[in-house]
Amino acid sequence: MKTEFIKNPQESDILRAAEIIKKGGLVAFPTETVYGLGASALDESAAEKIYRAKGRPSDNPLIIHLATAEDAEKYANTSECFYKIAKLFMPGPVTVILPKKKIIPSSVTGGLDTVAVRVPSNRIARRLIELAGLPIAAPSANLSGRPSCTTAAHIKEDMNGRIDMILDGGSAEFGLESTILLPIDKKSVKLLRPGAVTVEMLTEAGFEVSIDKAVTQKLSDGEKPLAPGMKYRHYAPKAQVILLNGSREAVMAYMSLKATDKGAAFICYDESKGSFNSDKVFYIGGEKDFSYQAHELFSILRKLDEDSNVDTVYAPMPSKEDVGLAIYNRLLKASGYTVLNI
Ligand code: TXA
Ligand code: MG
């Protein structure tokens, strides 16, 4: 299959992309979190094509992307809690799990009786959904097991020849996947995946938030996460990532010691610039600049994969505050839960 690559898509390009989706094809498109790989969420075989193109296990359900929160009524049983979240954060980087209606094929939801619903804010994503006139099922546009794509170049690396079209809308604004919430009752929610809508923002808005164990801890064999995707060792670069848990000084001292190892690479905060010598240091932004860190993380993990001489990557243990929790969760998974207390 030849993959068409469209830079800065205009209305006529988005219209063509929408036609492809209506006919059961696959189009990668930008969202404000990461790029999505879209297909009609009403077409059983189109959803199956997504799993094939990604090499994704078919028990890992897809998120459906809608033009407005009100559209959720057509595909799911909504609730007061859903509309409260929608009013505050939609369109935007949040996904809500709801009981599904029959119209959504079970191939989309990996056989679950719930469906994940999201209303993206990205202009191209919104227009694509509007013009297609149907819900778009879209996982992140990476090959299964690779970091999510935050640029169209990443998608080209993973998906060239496997999908119909790539809409290049520039680098994804946020850089990590959406926050996933499971409504519990009117004002309480369970956080299944941390993202740009933070625990602090939800608490501030009056929600009681509990954090699913899979966000911060490795589950034991046989334990099932509420978001099936959280069980996979996603975002894993080829090299072993080791998170260093200790004071800034201790982390720097440990990294300096390892700097002479031939296969060692480092992810560092900007504050540590100049503290040791190595040509394999990737700066991820200021220690508290979580937005910048979120924007850079997946690109850095991909760059690490390009360097076959790197066998070990050392990174400071991220903070769990605000968006830090999302970075912590992704890096912890990238490391396969390998934490060194120093
Ligand atoms: O930001 C995002 O959410 C991006 C963009 C493209 O929208 N999409 C994304 O999709 O990250 P994906 O497929 O890579 O991750 C979806 C996550 C998986 O962990 C999956 O298990 C979970 O959502 N999920 C989907 N449907 C679910 C459901 N019904 N119940 C629980 N978890 C669900
Ligand atoms: Mg994904």
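Visitor: Is tyrosine 337 buried, partly exposed or exposed?

Guide: In this predicted model, tyrosine 337 lies in the loop between H11 and strand E16 (339–341). Tyrosine 337 has a positive phi of about 65°, although it is not a glycine. Buried means under 20% relative accessible area and exposed means over 50%. The relative accessible area of tyrosine 337 is 26%, so the residue counts as partly exposed.

Visitor: What is the omega of the peptide bond that joins methionine 90 and proline 91?

Guide: Proline 91 lies in the loop between helix H4 (80–89) and strand E5 (94–99). The bond joining methionine 90 to proline 91 is cis, with an omega of about -5°.

Visitor: Within what arc do the buried residues of H9 fall, seen down its axis?

Guide: Helix H9 spans residues 248–258, and Val251, Met252 and Met255 are buried in it. These buried residues line one face of the helix, because they fall within an arc of 95°. An α-helix has 3.6 residues a turn, so residues three or four places apart point the same way. For H9, the arc is 95°.

Visitor: Which strands do the buried residues of H9 pack against?

Guide: The face of H9 turned away from its buried side carries the exposed residues Glu249 and Leu257. On the buried side are Val251, Met252 and Met255. The buried residues of H9 pack against E12 (240–245), E13 (264–268) and E15 (312–316).

Visitor: What is the radius of gyration of the protein, and how does it stand against the globule rule?

Guide: The protein has eleven helices and 16 strands. For 342 residues the globule rule gives 20 Å, and the protein comes close to that value, so it is as compact as a globular protein of that length. Its C-alpha atoms fill a box of roughly 60 × 50 × 35 Å along the principal axes. The radius of gyration is 20 Å.

Visitor: What percentage of the 342 residues is buried?

Guide: Of the contacts between residues at least 6 apart in sequence, 66% join residues at least 24 apart. The protein exposes about 14,300 Å², of which carbon and sulfur atoms supply 50%. Buried residues make up 56%.

Visitor: How far apart do the centres of the positive and negative side chains lie?

Guide: The protein has 43 positive and 42 negative side chains. The distance between the centres of these two sets is 4 Å.

Definitions and conventions. Residues numbered from 1 in each chain as written. Chains lettered and ligands numbered in written order. Predicted model: local features only at pLDDT ≥ 70, side-chain atom pairs only at ≥ 80, totals over all residues. Heavy atoms only, no water. Helix = DSSP H or I, 4+ residues; strand = E, 2+ residues; numbered from the N terminus. Rg over C-alpha atoms; globule rule 2.2 N^0.38 Å. Buried < 20%, exposed > 50% of the residue type's maximum accessible area, 1.4 Å probe, protein only. Contact = heavy atoms within 4.5 Å. Areas by Shrake-Rupley, 256 points an atom, 1.4 Å probe, with all protein chains shown as cover. Lys, Arg positive; Asp, Glu negative; His and termini not counted. Charge placed at Lys NZ, Arg CZ, Asp CG, Glu CD. Arc of directions from axis to C-beta.
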